[in-house]
Each structure stands twice: as C-alpha cells, then as structure tokens.
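Follow it with the model open.

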Amino acid sequence: MPSVDQASEAMTAKGARGHGEVIISFENLSLSFGSKLILDNINLDVARGEFLCVIGPSGCGKTTMLRLLAGLLTPSAGQILYQGLPVSGPRPDVAVLFQDYVKALLPWRTVFGNVSLALEAAQVPRKLRRDKIMAHLELVGLADHAEKYPTQLSGGMQQRLQIARCLAQDPEVLLMDEPFGALDAMTRQALQDEMQELASVSGCTIFFVTHDLEEAVYLGDRVIGLLPHPGRVGREFEVNISRPRDQLTTPEKPEFLQLRHELYSFIKLVEHG
Amino acid sequence: MDLKQTIVDRPSHINWRALVLPILVILGLEIGGHVLPLETEFWPVPSQIATAGWAALLNGSLLNATLETLTAATLGLLLGGSVGLAGGITLGLFPVANKLLTFSIEAVRPIPPTAIIPVALLVLGAGMTMEVSIVAFSAAWPILIFTRSAIQSVEPRLIEVSKVLCLGFFSRVWKIVLPAALPRIFVALRLAVAIALVVCVTVEVTANPIGLGYGMRVAQQALRPDLMFAYLVWIGVVGWSLNLLLTSLQKLLVWRQADEGR
C-alpha cells in the first residue's frame with residue numbers, strides 16, 4: 001500500500017482527476033528500441049476505479065504503453081508508479097487481457113483448467129479452487145461449458161474465458177489490449193456491456209486500449225488520444241455520460257455524439273496532418 | 001468435426017483393400033516357387049518361411065531374441081531419450097546455453113551410430129551394455145533437436161500469459177512450455193523409436209551376439225534361409241507394431257484436446 005503522502009503528492013503534482021486516489025502514474029516515461037523513439041515523455045495519472053480508454057492511430061504506442069504497465073517491457077527513461085512504487089515486472093494484482101484470445105488460452109486445458117491456471121499461479125489450495133473457478137465462470141456465463149476445450153468455443157466465449165481467467169487473479173487493475181477488436185459487431189456489443197457491468201461490480205481500474213472511437217466513448221470515464229511517431233499524449237477527453245450506459249440510447253445522446261465528433265476530428269487531424 | 005473424424009477413423013478401421021497387394025505377392029511367390037524351375041535352396045517359398053518362423057516361435061528362441069532386442073531398444077531409448085529431453089529443454093529455454101553448445105552438438109551429431117560400434121565393442125565389450133549405449137547415442141540426438149525447436153517455437157503469447165500470471169519458473173515449464181511442446185516432442189519420440197530398432201538390429205547383425213539381428217546372422221551362417229527370412233519378416237512385424245502403439249498413444253495425448261468432451 002502506498003503511503004497517503006505519496007499518493008497525495010502524486011495527485012497534486014500532476015493535477016489528477018477530481019475523484020479517487022491515483023493508482024497508476026506514468027512519469028516522464030520514454031521508450032526507445034535501439035535508436036527509434038517509440039514513446040516520448042508520457043505523463044499520465046490513472047485514478048483508482050477509473051475506466052480509462054486509450055486511442056490513437058496505429059504506431060502510436062498504445063499497446064506498448066500497456067505492455068510497460070504490465071511489466072513486460074522496461075522503460076528507457078522515466079518510470080511508471082503503481083500504488084506509489086515503480087513497476088519492475090508483472091504483478092499478480094495486475095491482469096492483462098490479450099486481443100488474440102486464441103493464442104492466449106491453453107488449448108490442452110479445459111475452460112475450467114484455463115481459469116484454474118490463474119489460481120494455481122496464486123497458489124490457492126486445490127480444495128478452494130473449484131468454487132472460485134465456477135463462480136468466475138458463472139460471472140462470464142461459461143459455467144455450462146466448464147468441461148469444454150477452448151477450441152470448441154466461439155470467439156466471444158473464448159474472450160469471455162480469458163476475462164474469467166483475469167478476474168480469477170482478483171486484480172486491482174485490468175489491462176485490456178483491443179480485447180474485442182477481433183469479434184463480430186453483435187458479440188462485441190454484448191461483451192462491452194458485460195465489461196461495463198464487471199467493471200462496476202469488481203471496482204477494478206481498467207486501462208483499455210482500442211482503435212474503436214465509439215467503443216472508447218461508450219466504455220470510458222476518460223479517453224486519452226495519443227499522437228504517433230513518437231507516441232505521446234495528444235489530448236484528453238472527459239466522458240461525462242451517465243452510467244449505466246446502453247447500446248441503444250447512449251449513442252444517441254448529444255454528449256456521446258459531441259465526443260465522437262471531437263475524437264474523430266482528433267484522429268483525422270493526426271492522420272492527415 | 002471433420003478433422004477429428006479422419007483422425008479417429010484411421011487407426012480403428014483397417015483398410016482391407018490395402019491387404020490385396022501383399023496377399024497377391026505372397027501367393028505369387030508361393031506358386032512361382034513351386035512352378036518355376038528356380039534354385040529354391042536360398043529362396044524359400046512363403047510357406048517354408050512360415051513353417052520355420054512358427055517352429056522358432058514355439059521353441060521360444062524367436063521370443064527370447066525379441067525380448068533381448070526390445071530390452072536393448074527400450075533401455076537405450078530411456079537413457080538417450082532422457083538425456084536428449086533434458087538437453088533439448090535446457091537449450092530451448094536458455095539461448096545462452098544454446099549458443100554455447102550448438103557448435104559442439106553439430107560436430108558430434110553427424111557421427112553415424114554404426115561408427116560407434118567398434119569403439120563401444122572395445123570399451124564395453126559385447127553384450128547388452130554396449131548395445132544400449134549405442135542406441136542411447138543415436139536416440140538422444142533427434143529427441144534433443146526436436147525438443148529444442150519445439151520449445152523455441154512455443155507460442156510467445158503463452159509465455160507472456162505465464163509471466164503476467166506470475167507463474168514461477170518451474171510451473172511455467174511444467175504447465176505451459178512442456179504441454180505446448182508435447183506434440184512435437186512426441187514426433188521426435190516416434191522417430192527415435194524407429195532409429196532405436198534400426199540401430200539395435202544393425203549392432204546385432206554386425207557385432208553383438210544377442211537379439212533378432214544375431215538370430216538372423218546365425219540362421220544365415222547355418223544355411224537356414226527359411227529361418228533367416230522368418231526373422232526378417234518378424235522384425236518387420238515388431239517395427240510395425242511399435243509404430244502402431246506409438247501412433248495410438250500420440251493420438252491419445254495430442255488429440256485429447258480436440259475431444260468433444262463427452
């Protein structure tokens with residue numbers, strides 16, 4: 001746990017959002033691969049419980065930011081503070097949901113076994129696992145498919161399974177890398193709503209990378225627009241749309257349309273100078 | 001699932017049409033041997049081979065020789081296989097070890113196992129130990145090479161999953177890397193079994209006075225071509241059965257994941 005001092009210091013230092021304590025802060029973060037600068041001087045605070053969406057054209061380093069946050073990459077300069085301490089590697093309370101669910105699931109384990117992996121990693125005793133696993137499968141609607149193998153599930157169900165595995169980690173923060181990008185429109189909408197629900201129930205802080213502007217507005221409390229070559233924070237968009245949001249009515253709201261318009265102009269401007 | 005259908009159908013249904021050619025050849029040899037004015041002393045007809053084989057089976061000599069050959073092959077496989085597996089896992093997991101050892105491996109690996117026979121004879125003398133060592137030497141390489149490449153080609157995403165879940169090193173190897181590499185390691189095992197049988201019989205035919213290869217040699221020197229051919233056919237049967245056994249085992253292991261879960 002961070003000390004109150006550290007947290008409040010971080011908040012005042014970078015003018016964090018009004019609500020909540022800062023859980024993650026990027027501090028002058030840069031990353032280069034060889035001589036190529038990928039991310040340039042990123043400064044960003046994420047509040048506890050916030051649903052933060054990150055958008056930007058391809059090559060702007062959205063996924064790289066997520067991988068740094070996950071501890072899969074090490075910054076070249078600056079640092080990321082997680083609960084006041086620098087991120088030095090993967091942590092059990094930070095879960096990552098990958099876009100390519102086909103590759104991220106263990107094909108030789110059942111649905112049950114895939115969720116079990118997270119509990120085995122956390123060294124939960126075998127006796128306690130079954131109930132936890134079934135509870136998480138119940139949460140994502142896969143309880144009836146516990147004995148199936150991932151290859152026998154549809155894309156949407158496979159991604160649900162990955163979500164269940166992430167939730168089984170009992171994470172404080174959930175990092176999602178274009179999680180619904182490979183799904184068809186209907187499944188995507190269903191999963192967006194489930195995610196919205198799960199986020200509010202679990203209270204997780206969510207760092208959500210997407211290239212779908214409407215998805216970002218629909219899900220996020222705040223949307224960060226990145227600029228490419230090298231990747232940096234371009235603009236922040238507050239999403240002041242009441243929750244729970246609804247696939248039918250929310251996109252018709254003037255606030256939604258306004259934000260969609262602004263995001264679209266931002267991306268357009270970035271892409272065409 | 002079409003894929004599953006073909007996989008399951010293959011071992012359980014013997015294609016009887018495939019037996020037409022072998023039966024015709026056997027019949028042809030039998031009839032030809034009786035009708036044509038050939039010197040049949042060194043070219044026994046199938047019925048003579050079968051009779052000799054049956055006799056060897058009944059007096060136990062054939063089974064005894066089979067047991068010796070299979071023992072040598074199994075022990076050699078276990079020894080060479082575990083060394084190869086351990087080496088392949090180490091080299092696959094640690095690029096540094098791989099860089100250090102690749103040259104040495106590539107220098108030793110091309111030595112034909114048959115070239116080891118004189119060395120082994122001199123150092124270990126004839127007998128089971130020498131044969132086991134040569135089999136181990138020959139079986140270790142394919143297992144090592146396949147295991148290494150299988151481990152190197154494990155889906156990187158799965159490794160990342162194990163990292164973000166904070167699985168420890170040994171759990172990562174045991175729960176992610178090995179299961180992911182298993183199908184390809186099994187291919188190596190099948191290859192190694194075939195090599196082991198070849199090497200055993202070669203060692204027995206050329207040097208070692210045990211097993212099926214030695215049985216063939218004795219039959220040849222005793223001018224018993226019928227018995228010699230019986231051994232030859234029997235070796236074929238043994239090899240075929242081993243392969244069948246391994247194929248079934250592989251299907252059980254590898255395709256379990258494609259099972260409908262019923």
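**Hairpin, fold and interface**

In this predicted model, A:Gly34 has a positive phi near 65° in the hairpin of strand 1 and strand 2 of chain A, with two residues between the strands. Local features need pLDDT of at least 70, side-chain atom pairs count only at pLDDT 80 or more, and totals for chains, interfaces and linings use all residues. Residues are numbered from 1 along each chain as written, with chains lettered from A and ligands numbered from 1 in written order.

Student: Over how many bridges do strand 1 and strand 2 of chain A pair?

Tutor: Strands are DSSP runs of E, at least two residues, numbered from the N terminus. Pairing needs at least two bridges found by DSSP. Residues 22-33 and 36-47 of chain A run antiparallel, and the count is eight bridges.

Student: Which residue in strand 2 of chain A does A:Phe26 stand opposite?

Tutor: Strand 2 of chain A covers residues 36-47. The residue there opposite A:Phe26 is A:Leu44.

Student: How many residues of chain B are in contact with chain A?

Tutor: Contact means C-beta atoms, placed from the backbone, within 7 Å. Chain A brings 23 residues; chain B brings 16.

Student: Which helix of chain A supplies the largest share of the side that touches chain B?

Tutor: Helices are DSSP runs of H or I, at least four residues. Strand 6 (94-97), helix 3 (101-104) and helix 4 (111-121) of chain A each supply at least two residues of that side. The largest share, three residues, comes from helix 4 of chain A.

Technical notes
Contact = placed C-beta atoms within 7 Å.
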